[in-house]
Amino acid sequence: MKRFFSALLCIALAIAATAPALAKSKASTQPAPAAVPAIVPAYQAVYGSIQTVDAANKRVTIRTNDDKDVTLRIDSITKVIDNAKRTTVTLQKIKAGTRAAAWFDPRNASSSPAALVLVVHIADGATVPTYFEAERIDRSGNDLRLLNQPQDIVLTVKRTLKIKLFGSSNTQNAGAIKPGSQFLAWYDTAALSYPAQAGTDDILLFPYDYDGYILIDRGYANVNGYTLSAKLIITEDGSVLFPILETAKRLGFRTTYSAGKKAVTIYSGNREIITFTVGQTTCDFGCTFVEAAAPRIENNVFYVPLDPILMLGNYKLLTY
């Protein structure tokens, strides 16, 4: 599944609900990381029991705890997981009447929105997981403190914790979690605070859903774990300009610079993707810039607006 959430371009929508879970490690009482003023993705949680399973039409209906029926579509993006085994389940093996939890995108106008994740066969008294997308990661000693995308939970885990990988028998250290990582977490009831805080040693990590990530923090940018050396330019109209040569390199692209034309061309392999020219207010993708945000050279650094950079791939964008 590839989803493109631009924090500067989309609209904030509903946040994911959190669920109580079985105690496995104590909740952290440290101060939470600063909340991130980024756009919240539109995923919503539903908890209840499986009412019907229509395997032929790939539909599952969950009767919620307040007796409302929610029908979800199961398609190529949906991860269907057995709660006890942490393994994939086919629709034919889902048992009606058992407890379930699901997360879906309510922006879908369909009467049966596609489920992102469906967890089934949750036994009475068993831990109910929470779907989590890491918005911010603070590394403190041997701990990782993960702020989720709705910005309402901080989850503390050990960096050396061996976490399960969805669809694989392999494990990986929790230190591999990065901004945009999506996973299920089974954790203790969160400590009363905002954001709430919890600890866990039980995580099921999904394959990374983005081509990379870009963090903007106090005038500087971090691209895929590398802090860019040149400071960003913020124009009077609020446009953000990035040092394109360094940014493109960290995103995995090749660049060439023409001093005569004052232009930078970006390549994917040997394929030319886009050219930026100093002072030009349009780009190859059909985007336009105000004159104040046009590509420029300052202190021998070539800057371009952020928007066309985001069009180069499916990047997780965060602003702190």
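These legends go with several close-up views of a predicted model.

Residues are numbered from 1 along each chain as its sequence is written. Because the model is predicted, local features need pLDDT of at least 70 and side-chain atom pairs count only at pLDDT 80 or more, while totals for chains, interfaces and linings use all residues; side-chain values rest on heavy atoms, with hydrogens and water left out.

**View 1. An open sheet of four strands.** Reading across the sheet, the order is β17-β16-β15-β25, and the pairing is mixed. The strands here are DSSP runs (E, at least two residues), numbered from the N terminus, and two of them pair if DSSP finds at least two bridges between them. At the edges stand β17 (226-227) and β25 (315-319); each has a single partner strand, so one side of each is left without a neighbour in the sheet.

**View 2. Strand β15 beside β25.** Here you can follow β15 (residues 212-217) as it pairs with β25 in the parallel sense, over five bridges.

View 3. A salt bridge here is a side-chain nitrogen of Lys or Arg within 4 Å of a carboxyl oxygen of Asp or Glu. Is this pair buried or exposed? Lys316 counts as buried at 2% relative accessibility, and Glu135 is also buried, at 0%. Buried means under 20% relative accessible area, exposed over 50%, and partly exposed in between (1.4 Å probe, protein chains only).

**View 4. Arg136 and Asp138.** The salt bridge between Arg136 and Asp138 has its closest N and O atoms 3.3 Å apart. Arg136 is buried, with a relative accessible area of 15%, whereas Asp138 counts as partly exposed at 21%.

**View 5. Glu298 and Arg296.** In this view, Glu298 forms a salt bridge with Arg296, with 3.3 Å between the closest N and O atoms. Both partners are partly exposed: Glu298 has 33% relative accessibility, and Arg296 has 21%.

**View 6. A network of salt bridges.** Side chains of opposite charge can pair when their charged atoms come close. In this view, salt bridges link Arg86, Lys164 and Asp202 in a network. Across the whole structure, the search finds 10 salt bridges.
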